[in-house]
Amino acid sequence: MLEAARFSAIETLGDGRRVEIRALRHEDRDGFVAAIGRASTESIRRRFFSVRRYFSEQEIEFFSNVDFVTRVALAVVAEEGGRPVIVGGGRYVVVEPGRAEVAFALIDEYQGKGIGAALMRHLAALAREAGLKELIAEVLPENTAMLSVFRKSGLQPTTRQERGVVHVTLPLR
């Protein structure tokens, strides 16, 4: 059985660099805020559906304090300048029994290197282990990279578009 709160995996990127994908810790809070500050306006908009540079204390607490039951979050940690730095992450939040909403965010220089696919693979495994039946997501139609991650996940996603948002359902068979 996977232990979500202790999860850790090393992934080798297409360019040969290695990153650690691990369970988010409460002490990662400052690293999470710093990663948001490094992301482009467009990346922030694609993740949060609006441009924002400020998060309330309550929002930061919600994102950085997870219980690994109803809220599971993984951090992507890369070595930069000889020290570990959070460069992104992924999470799911249970919205009803058996179903959770999944989301990802990466700073721009780490996008397009296979990290989204790795996050999807690890979060799906953790969700299955937790007994979830499906993951869902809301994606802006122009976020083709995220839609591609879902299409290539092997989970046979279904999509429907409504009012400028693509609703994605990923069965965890």
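Visitor: What makes one face of strand E1 covered and the other uncovered?

Guide: In this predicted model, E1 spans residues 8–12, with Ala9 and Glu11 on the covered face. Ser8, Ile10 and Thr12 make up the uncovered face.

Visitor: How do you know that E1 and strand E2 pair?

Guide: Pairing calls for at least two bridges between the strands. E1 and E2 (residues 18–23) have five bridges, in the antiparallel sense, so they count as a pair by that definition. Glutamate 11, from the covered face of E1, stands opposite valine 19 in E2.

Visitor: Which residue takes a positive phi in the hairpin of E1 and E2?

Guide: Glycine 16 does, with a phi near 95°. Five residues lie between the two strands of that hairpin.

Visitor: Let's turn to helix H1. Why are its buried residues said to line one face?

Guide: The buried residues of H1 (residues 29–38) are Arg29, Phe32, Ala35 and Ile36. Looking down the axis of H1, you find its buried residues within an arc of 120°, so they line one face of the helix. The exposed residues Asp30 and Gly37 sit on the face turned away from that buried side.

Visitor: Why is arginine 173 called exposed?

Guide: The cut-off for exposed is over 50% relative accessible area. Arginine 173 has 74%, so it is exposed. Its place is in the segment after strand E8 (165–171).

Visitor: Which residues does arginine 173 contact, leaving aside its neighbours within four places in sequence?

Guide: Those are Arg128 and Gln156.

Visitor: What makes the link between arginine 173 and glutamine 156 a polar contact?

Guide: A polar contact needs a pair of N or O atoms within 3.5 Å, one able to donate a hydrogen and the other to accept it. The side chains of arginine 173 and glutamine 156 are joined at 3.3 Å, so the pair falls inside that limit.

Visitor: Now the whole chain. How do you know that its radius of gyration agrees with a compact globule?

Guide: For 173 residues, a compact globule would have a radius of gyration near 16 Å, and the protein chain has 15 Å, so the two agree. Its C-alpha atoms fill a box of roughly 40 × 40 × 35 Å along the principal axes.

Visitor: How many of the residues count as buried, as a percentage?

Guide: Of the 173 residues, 46% do, the cut-off being under 20% relative accessible area.

Visitor: And how many helices and strands does the protein chain have?

Guide: There are five helices and eight strands, following the pattern β-β-α-α-α-β-β-β-α-β-α-β-β along the sequence.

Terms used
Residues are numbered from 1 along each chain as its sequence is written. This is a predicted model: local features need pLDDT of at least 70, side-chain atom pairs count only at pLDDT 80 or more; totals for chains, interfaces and linings use all residues. Side-chain values use heavy atoms; hydrogens and water are left out. Helices (H or I, at least four residues) and strands (E, at least two) are DSSP runs, numbered from the N terminus. Buried means under 20% relative accessible area, exposed over 50%, partly exposed in between (1.4 Å probe, protein chains only). Contact means heavy atoms within 4.5 Å. The arc is that of the directions from the helix axis to the C-beta atoms. The radius of gyration is taken over C-alpha atoms; the globule rule is 2.2 Å times the number of residues to the power 0.38.
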